[in-house]
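Thank you all for coming; I would like to take a few minutes to walk through one model with you. Please have a look at the sequence and the structure first.

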Amino acid sequence: IGLPTNSAQECQNLEVERQRRLERIKQKQSQLQELILQQIAFKKLVQRNRQVEQQTKRPPPPNSVIHLPFIIVNTSKKTVIDCSISNDKFEYLFNFDNMFEIHDDIEVLKRMGMACGLEVGKCSPEDLKIARSLVPKALEPYVTEMAQGSISNVYISGVSSNG
Amino acid sequence: GTRVDSGLVARYKSLQKEVSDLGEAEEKLDELINKSNLQLKLLTEDPQNKKLGYVMCQDLRSTVNPPEQIVMVVRAPPETQMQVSDPSEGYQISLKSSRGPIDVFLCPEDSSQLC
């Protein structure tokens with residue numbers, strides 16, 4: 001009679017371990033997807049800028065571009081922003097009288113379409129071809145899965161917004 | 001109870017197989033994540049890419065809705081701390097850098113190219 005009890009216990013342990021691993025795999029899948037998106041978005045941005053610079057035959061004026069990394073804070077035109085800055089510019093304090101949103105550069109790139117629509121699993125065959133060409137071979141199957149939105153239920157957007 | 005036993009043993013074996021398969025899948029993911037992290041680092045630290053890794057102000061405008069919002073750009077050194085107040089206590093952002101000055105500017109509202 002001892003054996004079934006033990007086996008039952010062992011099965012339960014394995015079941016717990018299985019759940020744990022599934023959970024970790026889910027997290028790691030979305031981590032990998034995010035890294036893939038970042039690679040694709042960054043490469044596409046660089047390609048776009050290179051093309052434009054080649055067409056116009058000169059780099060854009062230095063004060064017309066914003067280099068990565070950055071974050072943006074956007075709010076209504078009517079919002080009053082009160083800003084205090086330390087003398088050395090190491091510390092800032094902003095007070096808004098209304099809601100605002102914060103987005104990181106990767107989110108901005110996604111919204112610019114630099115992730116080929118992969119971030120929402122909506123990717124045309126043409127975009128998919130481009131996206132696949134921008135990642136190492138080993139990652140291509142993941143890109144295809146993302147394009148079909150097949151793991152999109154796992155993926156949670158990295159938007160950091162507030163207000 | 002041999003029927004129960006054999007049922008359990010079968011379940012045990014299949015669980016064992018599944019757990020081991022999941023372990024392999026996780027290892028493969030770890031490997032891909034490490035490679036991707038390295039790839040991304042090399043990509044973004046390449047001097048040529050660094051030079052070309054930029055957006056224009058119009059790009060930023062195109063990502064906010066409505067486009068005529070106030071768009072503030074923050075460029076801060078690594079490890080800068082950002083705190084956002086709980087909305088119920090007002091709308092506040094504080095930035096604290098330890099490694100250099102923070103740059104903050106507004107995106108111009110008109111369609112001019114300059115920031």
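This is a predicted model: local features need pLDDT of at least 70, side-chain atom pairs count only at pLDDT 80 or more; totals for chains, interfaces and linings use all residues.

How many helices and strands make up the secondary structure of chain A? There are four helices and five strands in chain A, where helices (H or I, at least four residues) and strands (E, at least two) are DSSP runs numbered from the N terminus, and along the sequence they follow the pattern α-β-β-β-β-β-α-α-α.

Residues are numbered from 1 along each chain as its sequence is written, chains are lettered from A and ligands numbered from 1 in the order in which they are written, and side-chain values use heavy atoms, with hydrogens and water left out.

Of the 163 residues in chain A, 40% are buried, that is, under 20% relative accessible area with a 1.4 Å probe, protein chains only.

Turning to the interface, 71 residues of chain A and 70 residues of chain B take part in the contact, meaning heavy atoms within 4.5 Å.

Between chain B and chain A there are six salt bridges, each a side-chain nitrogen of Lys or Arg within 4 Å of a carboxyl oxygen of Asp or Glu. Arg48(A) forms a salt bridge with Asp59(B), and their closest N and O atoms are 2.7 Å apart. On the side of chain B that touches chain A, the largest share comes from α1(B), with 24 residues.

How values were computed. Buried means under 20% relative accessible area, exposed over 50%, partly exposed in between (1.4 Å probe, protein chains only).
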